[in-house]
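Please look over the sequence and the model shown here before reading the briefing that follows. The points are grouped by topic.

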Amino acid sequence: MSNGILNKYGSLLPLTEKTPRLSLCEGDTPLIPLKNISNDLEIKAYAKFDGLNPTGSFKDRGMVMAVSKALEEGAKAVICASTGNTSASAAAYSAHAGIPCFVLLPAGNVALGKLAQALIYGARVIAIKGNFDRVLELARQASGDMGIAIVNSVNPYRLWGQRSASWEICDELGDSPDWLVIPVGNAGNISAYYDGFDQYLGMGKCSSIPRLIGVQAEGAAPMVKGCMISDPETVATAIRIGCPVSHLKASNAVKQTEGRFLSVSDEEILQAQIYLAGRDGIFAEPASCTTIASLVKLKKLHSLPVGIKVVCVLTGNGLKDPDTALLKAPSPIEINAEWESLREVLQQ
Ligand SMILES: *Cc1c(COP(=O)(O)O)cnc(C)c1O
């Protein structure tokens, strides 16, 4: 059984003797061979299914680190501005650590469904009359003035913890893959993978850094377009970001590995979600399915080399957002309670 990433990879992380080794047994997620999709696309594809982390997304890898360091540094509470996976993870690790968690979100923009996790883990959810930028500003101010640790993407320890996924992939495959395909929102995770592979390369634990393919949604593709987007829009809410915090790091990572950024449409994302689930049995959230959509797109463009080893990072669990999944999924068939009716359907 996994002990969590601080216990498994502590020697590779900036921990001290005083850092508490928090763990909800995050990390150690499966690298699942995508047997059927591999056949379809003539590659060797794997899914790093990080939707199987404790709160259902890769955010737990960074959050365990951020909350542990916050405790070490004497913080009495944590705060974040988010309505998504970050707040779910912050709330869970704060509960585990026994300190309060404050989640700030813009009022009137309250998607309560997405906040169910934060609420159930006991976070204090505060709606603020202002836009997201203002809310983040207030969260930063709270962290400066009151000894509350901010665990948004600006927290450097998050990216440290997120490196662990690249190490797990190399440990399991015995080397790095040819390509790593990953959704890009604030661009922290792709940067963390780059640093993680680079660290392993320096230790002789892999022979190269894979080509990094960063995928965005068409309506929120600042890295592809090379400029910031003021009104990002996409069904993949986890990557609905117009000004990525780590855009410089991510640009460098892609350039160094001769990778690329590309975008896929909402329609392609939703089709890929159904394709992944129906073809290889994995239900991932829309943001994660940009990876599969991009492979399908590259194959159509004859830009997917035959036989390469590709790892798709499936960042979050599909169960987090069933409403979106049902937009394209077929509806249940309703029949009368009679054997003849059932038999007819079963024969179709
Ligand atoms: C946060 C998140 C992303 C984007 O990661 P970044 O580090 O912001 O680029 C992608 N998918 C899911 C499910 C997420 O929660």
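Leaving out residues up to four places away in sequence, Leu136 touches Ala81 and Asn152, where contact means heavy atoms within 4.5 Å. Leu136 lies in helix α6, residues 132-145, and its C-alpha atom is separated by 10.0 Å from that of Ile79, 57 residues apart along the chain. This is a predicted model, in which local features need pLDDT of at least 70 and side-chain atom pairs count only at pLDDT 80 or more, whereas totals for chains, interfaces and linings use all residues. Residues are numbered from 1 along each chain as its sequence is written, and side-chain values use heavy atoms, with hydrogens and water left out.

**Nonpolar cores**

- The largest nonpolar core has 54 residues, and those with the most contacts inside it are Leu180, Ile190 and Tyr193; a nonpolar core is a set of buried Ala, Val, Leu, Ile, Met, Phe, Trp, Tyr and Cys residues joined through side-chain atoms within 4.5 Å.
- Helix α3, residues 59-72, supplies the largest share of this core, namely six residues; helices (H or I, at least four residues) and strands (E, at least two) are DSSP runs, numbered from the N terminus.
- A second, separate core has 32 residues, among them Ile239, Leu276, Cys289 and Leu304.
- Apart from its neighbours within four places in sequence, Tyr193 is in contact with Lys48, Ala165, Ser166, Ile169, Leu180, Ile182 and Val313.

**The ligand and its surroundings**

- The ligand is surrounded by 15 residues, of which Lys59, Asn85, Gly185, Asn186 and Thr315 are the closest; a residue counts as near a molecule or strand if one of its heavy atoms lies within 4 Å of it.
- By class, this shell has six nonpolar, seven polar and two charged residues, where Ala, Val, Leu, Ile, Met, Phe, Trp, Tyr, Cys and Pro count as nonpolar, Asp, Glu, Lys and Arg as charged, and the others, Gly among them, as polar.
- An oxygen atom of the ligand is 2.7 Å from an N or O atom in the side chain of Asn85, and an oxygen atom of the ligand is 2.8 Å from a polar backbone atom of Asn186.
- A nitrogen atom of the ligand is 2.7 Å from an N or O atom in the side chain of Thr315.
- The ligand taken alone exposes 380 Å², and the protein buries 94% of that; accessible areas come from the Shrake-Rupley method with a 1.4 Å probe, and for residues only the protein chains shown count as cover.

**Buried residues in strands and a loop**

- Leu212, in strand β8 (residues 211-217), counts as buried because its relative accessibility is 0%; buried means under 20% relative accessible area, exposed over 50%, and partly exposed in between (1.4 Å probe, protein chains only).
- Leaving aside residues up to four places away in sequence, Leu212 touches Leu180, Ile190, Tyr194, Ala253, Val254, Thr257, Gly259 and Arg260.
- Leu212 and Val345 are 133 residues apart in sequence, and their C-alpha atoms are 46 Å apart in space.
- Ser263 is placed in strand β9, residues 260-264, and counts as buried at 15% relative accessibility; leaving aside its neighbours within four places in sequence, Ser263 is in contact with Gln216, Ala217, Glu218, Ala221, Val224 and Lys297.
- Ser246 is placed in the loop between α10 (222-225) and α11 (247-256), and at 10% relative accessibility Ser246 counts as buried.
- Not counting residues up to four places away in sequence, Ser246 touches Leu159, Asn186, Ala187, Gly188 and Ser191.

- Ala187, found in the loop between β7 (179-183) and α9 (188-202), has a positive phi of about 70° although it is not a glycine, and Ala187 is buried, with a relative accessible area of 3%.
- Cys25 has a phi near 60°, a positive value in a residue other than glycine; Cys25 is placed in the loop between α1 (5-9) and β1 (31-33) and counts as partly exposed at 33% relative accessibility.

**An exposed helix residue**

- Leu346 lies in helix α15, residues 339-347, and counts as exposed because its relative accessibility is 59%.
- The C-alpha atoms of Leu346 and Ala238 are separated by 38 Å, with the two residues 108 residues apart along the chain.

Definitions and conventions. A polar contact is a pair of N or O atoms within 3.5 Å; within protein, one must be able to donate a hydrogen and the other to accept it, and residues adjacent in sequence count only if both atoms are side-chain atoms.
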